[in-house]
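The following exercises concern a predicted model. Each task is followed by a solution in steps.

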Amino acid sequence: MGCSTSTTNMEGTKTPLSSGDKILIKQSWSQFTSTGSLADVGVPMFAKLFADYPDVKTLFSFMREGGGSLESEAVRNHAEGVMGVVGTAVESIDNLEGLVPTVRSLGAKHYTYGAQTAHLGPVGECLLYAMEKKLKEKFTNETKLAWLKLYDVISVAFQDGLEEEGRKQG
């Protein structure tokens, strides 16, 4: 499962989020986050990311230092931060345009860590994996498609930030 990052409309997605998509996203996020803290629900995403894409580990200082345990406070803090951004996207779902500058800024910041646009697909894939693993049959194909649309908005803005910072430093 890959995540597309091509843009064709205001929200940055090939297909805009429908009101039904927004409901599915809000409901599934509520169900997902009710199963534990943001760190608890985020760590499985990073476990999958590091298992399936081990080269990505080198981008995270907390994985290079101190043995890189997934149970470390640093990993949990990062997972909590990433899930916090996703939660903000869910909360902003009716005004995603307002979220774009924040996510672009995150993309620019991550450029300095060595993040690349090629990492965006695997991150989205692993986010959806964590949600599907936790929600099981509640994470329907329709819900997954809605999340892909939302992730497309996030990844396009993040990619814009990466590329803009690359041009500045380039």
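**Exercise 1.** Determine which residues of α6 are buried, and which helices they pack against.

*Solution.* Step 1: apply the cut-off of under 20% relative accessible area. In α6 this selects Leu-120, Gly-121, Pro-122, Gly-124, Glu-125, Cys-126, Leu-127, Leu-128, Ala-130, Met-131 and Leu-135. Step 2: search for their partners; these buried residues pack against α1, α2, α4 and α7. Step 3: inspect what comes after the helix; Lys-136 follows α6 and has a positive phi, near 50 degrees.

**Exercise 2.** Describe the largest nonpolar core and the contacts of Leu-150.

*Solution.* Step 1: the core has 44 residues, and Met-131, Leu-150, Ile-25, Trp-29, Phe-32 and Trp-147 have the most contacts inside it. Step 2: its largest share, nine residues, comes from α7. Step 3: with neighbours within four places in sequence set aside, Leu-150 contacts Leu-17, Ile-25, Ala-89, Val-90 and Leu-96.

**Exercise 3.** Characterise the largest pocket by volume and lining.

*Solution.* Step 1: the pocket holds about 620 Å³ of space. Step 2: of its 26 lining residues, His-78, Val-82, His-110, Val-123 and Phe-158 are the closest to the centre. Step 3: sorted by class, the lining has 19 nonpolar, six polar and one charged residues. Step 4: α4 contributes the most to this lining, with five residues.

Conventions. Residues are numbered from 1 along each chain as its sequence is written. This is a predicted model: local features need pLDDT of at least 70, side-chain atom pairs count only at pLDDT 80 or more; totals for chains, interfaces and linings use all residues. Side-chain values use heavy atoms; hydrogens and water are left out. A nonpolar core is a set of buried Ala, Val, Leu, Ile, Met, Phe, Trp, Tyr and Cys residues joined through side-chain atoms within 4.5 Å. Buried means under 20% relative accessible area, exposed over 50%, partly exposed in between (1.4 Å probe, protein chains only). Helices (H or I, at least four residues) and strands (E, at least two) are DSSP runs, numbered from the N terminus. Contact means heavy atoms within 4.5 Å. On a 1 Å grid over the protein atoms alone, a cavity is a set of points where a 1.4 Å probe fits but cannot get out, and a pocket is an open set with protein on both sides within 12 Å along at least five of seven lines; lining residues have an atom within 4 Å of a point. Grid points are joined across faces, edges and corners, and a volume is the space filled by probe spheres set on the points. Ala, Val, Leu, Ile, Met, Phe, Trp, Tyr, Cys and Pro count as nonpolar, Asp, Glu, Lys and Arg as charged, and the others, Gly among them, as polar.
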